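Let's read this one together, feature by feature. Have a look at the fold first, then we'll talk.

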Amino acid sequence: MSAKVPLPPAPGVGSGVQVKICGLTRRGDAEAAAAAGADFLGTVLVPGTPRAVEPRRAGEITAGLGVPVVVVSAESDAAVLADQARSAGASVIQLHGDQPPTTAFELGERGDWQIWRAFRVRDPRMLPDQVAPWLDRIDGVLVDGWHGDLLGGSGVAFDWAAAAEWFQALPSGVLRIAAGGLWPENVGEAIRVLQPQIVDVSSGVEREPGLKDPETVRSFIAAAKRDR
């Protein structure tokens, strides 16, 4: 069973903002991300999506690198998802799709991992009602850009300023994670506006879906962690 990941410090304290490199499909990309200072390595377990890998393969990609592993899933059966996360060596399960809040509770009973829930921001005014039923069941809220066909990894940004006040007012025990349309050139501005504890990138550091560019990964991590 995976050890629970400690909460990172608030921005400006200690190590500051942390970085998750997501959508990893190759061992070499995971090694490069870890060497560049990534705080989380993400793999996608959603069949039929551009960066999907099997759970066992996800474990092979990230094993032994000393970096917590996040698995992204739209699976609605908690027992199946727990088995997949265990096979992948996950410390965090990131929920996408149509799972009900009870899924997070069920997963918490099946393993000592963190549970993050992703919310695609179509209209920032809808976020409070969307997130409220989850808040006492999850460890992190991830806000991502809206795409009609993709659950994540679309490279679409949302209105950071419109979501900032609500996002920053989330309970202190819930991680604030920002994703969607982030690049080395704009991640600093996203951090300034949203003040997340973690930034999450996939398409913004790729040559093509699933194939990371090591130099862009290094640039993104350096930009995210730069003193502000």
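Q: Which residue is the bridge partner of Gly140 in β7?
A: Strands are DSSP runs of E with at least two residues, helices are runs of H or I with at least four, and both are numbered from the N terminus. Two strands pair if DSSP finds at least two bridges between them. Here the partner of Gly140 in β7 is Leu175. Strands β6 and β7 (residues 175-178) run parallel and are joined by 4 bridges.

Q: Before we go on, what sort of model is this, and how are residues numbered?
A: The model is predicted, so local features need pLDDT of at least 70 and side-chain atom pairs count only at pLDDT 80 or more, while totals for chains, interfaces and linings use all residues. Residues are numbered from 1 along each chain as its sequence is written, and side-chain values use heavy atoms, with hydrogens and water left out.

Q: How does β5 pair with β6, in the parallel or antiparallel sense?
A: Parallel, over 6 bridges. One of the residues to look for is Arg120, whose bridge partner in β6 is Asp144.

Q: How many residues of β6 are buried?
A: Buried means under 20% relative accessible area, exposed means over 50%, and partly exposed is in between (1.4 Å probe, protein chains only). In β6 (residues 140-145), 6 of its 6 residues are buried.

Q: Which residues of helix α4 are buried, and why are they on the same side?
A: The general idea is that an α-helix has 3.6 residues a turn, so residues three or four places apart point the same way. In α4 (residues 101-110) the buried ones are Thr103, Ala104 and Leu107. They share a side of α4 because they cover an arc of only 100° around the axis, the arc being that of the directions from the helix axis to the C-beta atoms.

Q: What do those buried residues of α4 pack against?
A: Contact means heavy atoms within 4.5 Å. The buried residues of α4 pack against α3 (78-87), β4 (92-95) and β5 (114-121).

Q: Where is Gln94, and which side chain does its own side chain make a polar contact with?
A: A polar contact is a pair of N or O atoms within 3.5 Å; within protein, one must be able to donate a hydrogen and the other to accept it, and residues adjacent in sequence count only if both atoms are side-chain atoms. Gln94 is in strand β4, and its side chain makes such a contact with that of His96 (2.8 Å). Gln94 is buried, at 2% relative accessible area. Leaving aside residues up to four places away in sequence, Gln94 touches several others, including Lys20, Trp116 and Asp200.

Q: What does the side chain of Thr25 reach?
A: Thr25 lies in the loop between β1 (18-21) and α1 (27-36), and its side chain reaches the backbone oxygen of Gly210 at 2.6 Å. Thr25 counts as buried, with 18% relative accessibility.

Q: Is Arg218 buried or partly exposed?
A: Partly exposed, at 41% relative accessible area. Arg218 lies in helix α8 (residues 214-225), and its side chain makes a polar contact with the side chain of Glu215 (2.9 Å).

Q: What sits over the ring of Phe119?
A: A charge sits over a ring if NZ of Lys or CZ of Arg is within 6 Å of the ring centre and within 35 degrees of the ring normal. For Phe119 it is the charged end of Arg117, 5.2 Å from the ring centre. Phe119 is buried, with a relative accessible area of 5%.
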